[in-house]
Every structure is written in structure tokens, then in C-alpha cells.
Amino acid sequence: MEQSLISVVMVNYNHEDFIGRAIESVLGQTWKNLEFIIVDDGSTDASPEIIRQYADRDPRIRPYLQKENNHISYVTNLGLSKVTGSYVARIDSDDIWCPEKLERQVQYMEAHPEGALCFTKLDIINEKEEIVNDSMMVFYQMYNSRQEDRRGWIRHFFFYGNSLIQSTLLMKREVVDRIGGFNLAYLQSHDFDYFVRAIRHFDFIFLEEPLTKYRRTENQNSAWDEATTRRFLNEHMNIRYHYFDDMSDEIFTEVFQEDFVKKDSKSHEELLCEQAFLLCRCIRGEDINPVLGAKKLLDIMQDPDMLVLLKEKYQFTPKTFYDISIKPMFTTDSIMCELEYLKRLRPMLEERVEGLVAANETLNRQVGETNKKMKELTEENQRLKETIHQIEQTKTWKLRKLIKH
């Protein structure tokens, strides 16, 4: 059977310690028909030389070594512009694929032709390639979490954000042709934006085998300083602001109707209002950051007909808007961290409460059994007293008492 050509795109910046293993994991795939496009983003370490050495040994590698750093979206788009295969895969230069990853994914996609993007399960590794799933259980569970269908993913991306890792991905070439490249405006949320655009048109499928090793290092963990966290939040909010821009009314209604203020909203104008209301509570369905919805409502209220609609159908007036505008519009990093902490703390507290309730039930049961036993002993004691009294009233007992004296 002739193997279809798979285009593998890797971008790299200063990963001299890991890029060799990443390259080897691609070249060692059981699926041999590959074109391996490696774009170096102006690295200042030994990465370019490492790439050259591998390219000299394997003609499947096509290196593009940039003289200056342009960041990940730019160089990824450069790599995507060079693909010619029927399938396209992405791998970060510090991650590792299991040898059969691509072959198993192609087989799975052929068996499930409805899926245009196929993701695998992953293991998390550290600098030494040790699997550290247990010590990073929150990340491990998040990256391997799944939604039931396209509707579930559209909702999940809107309310919660991204939980998928692009190194696990194999997609049909038609996805790249239709979706295009990464948005250059995004540095940290480029993959999230790409998945959001893809899910509107294609189905995701999942091969639940751990065929990808996703590396998280101490440098990555410590890189999340205040500025990075702020940019991450800003990018996510901007993606949400444009979330409904090219979404049809039919898909919007199908996916989000259960969250409508008025479940019977149908017209395009009514759905615009529902979108604005949704944007007021786009973070986990809570109104902790209403700025996006407030901006949409501000635009809607400039139209006199829409203002009438807001009032008659939704009982929303300028006075209602004033109530929104006094709320904190921009959620700070500290608030988000606190919310995330409380979110993680809640199940532990619920488990503790469940334990206390169970302990209380056990204690109540023990108290009940003790009270029952005490009642039985009291009744038995009373019966003994009555028996003794009856014996003392007999002639035999009285005669024995006289003899004894």
C-alpha cells in the first residue's frame, strides 16, 4: 500500500538541548513518506548547526534557517506555506513522538473519515524525559480531557479556553487550505485561535493512545510571570471578542441556546443581543469580566431599532447598561489566580465536607446503637429489680431470713 505524504512542520528557537531528540523522533516514525520542514527562528544557540547536521544525513528534512527572530506565528506560517503533503503535522522542538504515532493516526483517520483533525493522548515529560504525569496531574488531566462533539468544543473554547496540545495533532491538508495560518497578533494563544477557527468547519477526533511526549521544564513553568500572564489573558479575551464574527446564526443557536437570556430568540437582531449578553459572562459563564459584552452592547445601543428590541424583549435599557458599567471591567491577574485557586480548592473542600458528613452519620449511628443498648440495660435492670422484689416476698425467702438471724 502506497503511503500518503505527510508534511511535518517544526519551528525552533534556542532548544539546542532538546531539538535533536525531537528530530530523531520524527525521522524514526514507522510512516516513512515524510517531508520534514524545520524553521529555525533566529536561534542564538547551537540549534541551527544541529539542524544542518540532521539535514545533511536525511534528504526528507527541508531546513529554513532565519537570520532574525520573528516569533512563533510568523515562522509557523512560513513552515505551513511550504507543505505539499496530504496530511500536516506539527511538533514543537522539545517534544517527542512515539515511533508509530503518525502511522496509527493515519489508520485511525481512515477508519473515521469524518474527522479532519486527529489528536492523540499524551504523557508529560521533564528535562530528563521522565514521565511526570503524577506530579503534574492538573495539566495531565486538562491536556487529555475531551468534549463529546463539535458543539462541546465550541462551548468549551468559549467559556474555558484551550486544552489541546498541537504536537499531538495530525490534520488533513484541506484544513490548512481553508483555515490558513496563525494570526500574527497572537504570541501565546496562536494555537487556541487556530483550533477555534478549525472547529467551526471541521470535526476533531481523538486517538486515545499516549503517542506524544509533551515536555514541560522548569524554565517553562517559571516563564509565566505577571507580564506573560497578562498577555495570555488579553489574547484570550480578544479571541472571544471575535468569537461569533463568522459563525452562522444556525450554529450559534444550536450551540448556545441553553445560555440565552430568552430561549425563544431567533431573528438575527435577537441573536446579536444574545451574543452580547454571552460576552458579558464569557469566562466560565460568570460575569467577572463583562468588558467584551459591554462593548458589544454599546455598539448595539447606537441603533434605535435595536434599542427598542433590547427594551421590549430583554427589559434592557440604558439604565441597565449603567449597572453593568459600574462593575470592574478588567479582571486582574490576581483575581484570575484567586478564582483558579478557588476552583481547584472547591472539589477538595467538597470531598472534605462529604467526609465530615459520612463521619457524622457514623457517629450518629454509633450514638443510636449506644442509646439502644443503654435502654436495653435499663430495662434489664428494672426486670432484675422486680424479680428480686418478688423473691423477697416469698415465704421461703422470709423463713431463710429468720433462720439466718
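The accessible surface of the chain comes to about 22300 Å², and carbon and sulfur atoms account for 53% of this area. The model is predicted. Of the chain's 405 residues, 44% count as buried, and its secondary structure consists of 17 helices and 8 strands. Among contacts between residues at least 6 apart in sequence, 75% join residues at least 24 apart.

**Nonpolar cores**

- In soluble globular proteins, nonpolar side chains tend to be buried together.
- The largest nonpolar core of this chain comprises 51 residues. Leu117, Phe157, Phe158, Phe204, Tyr243, Phe244 and Phe256 have the most contacts inside this core.
- Helix H8, spanning residues 190-199, gives the most to this core, contributing 6 residues.
- Another core lies apart from it and has 30 residues, including Val26, Ile51, Tyr87 and Ile91.

**Surroundings of Phe256**

- With neighbours within four places in sequence left aside, Phe256 is in contact with Ile154, Arg155, Phe158, Phe159, Tyr243, Phe244, Met247 and Leu278.
- Among these partners, Phe158, Tyr243 and Phe244 are also listed with Phe256 as residues with the most contacts inside the largest nonpolar core.

**Aromatic pairs**

- The structure holds 23 aromatic pairs.
- One of them is the stacked pair of Phe119 and Phe206, whose centres lie 5.4 Å apart with 20° between the planes. This pair links distant parts of the chain, since Phe119 belongs to strand S6 (residues 115-125) and Phe206 to strand S8 (residues 203-215), 87 residues apart.
- Phe158 and Phe244 are both buried.
- Ring pairs join Phe119, Trp153, Phe157, Phe192, Phe195, Phe204 and Phe206 into a cluster.

**Charges over rings**

- The charged end of Lys101 sits over the ring of Trp97, at 4.4 Å from the ring centre.
- Over the ring of Tyr243 sits the charged end of Arg200, 5.5 Å from the ring centre. Tyr243 is also one of the contacts of Phe256.

Technical notes. Residues are numbered from 1 along each chain as its sequence is written. This is a predicted model: local features need pLDDT of at least 70, side-chain atom pairs count only at pLDDT 80 or more; totals for chains, interfaces and linings use all residues. Side-chain values use heavy atoms; hydrogens and water are left out. A nonpolar core is a set of buried Ala, Val, Leu, Ile, Met, Phe, Trp, Tyr and Cys residues joined through side-chain atoms within 4.5 Å. Buried means under 20% relative accessible area, exposed over 50%, partly exposed in between (1.4 Å probe, protein chains only). Helices (H or I, at least four residues) and strands (E, at least two) are DSSP runs, numbered from the N terminus. Contact means heavy atoms within 4.5 Å. Accessible areas come from the Shrake-Rupley method with a 1.4 Å probe; for residues, only the protein chains shown count as cover. Rings of Phe, Tyr and Trp (its six-membered ring) pair if their centres lie within 6.5 Å; planes under 30 degrees apart count as stacked, over 60 as edge-to-face and the rest as tilted. A charge sits over a ring if NZ of Lys or CZ of Arg is within 6 Å of the ring centre and within 35 degrees of the ring normal.
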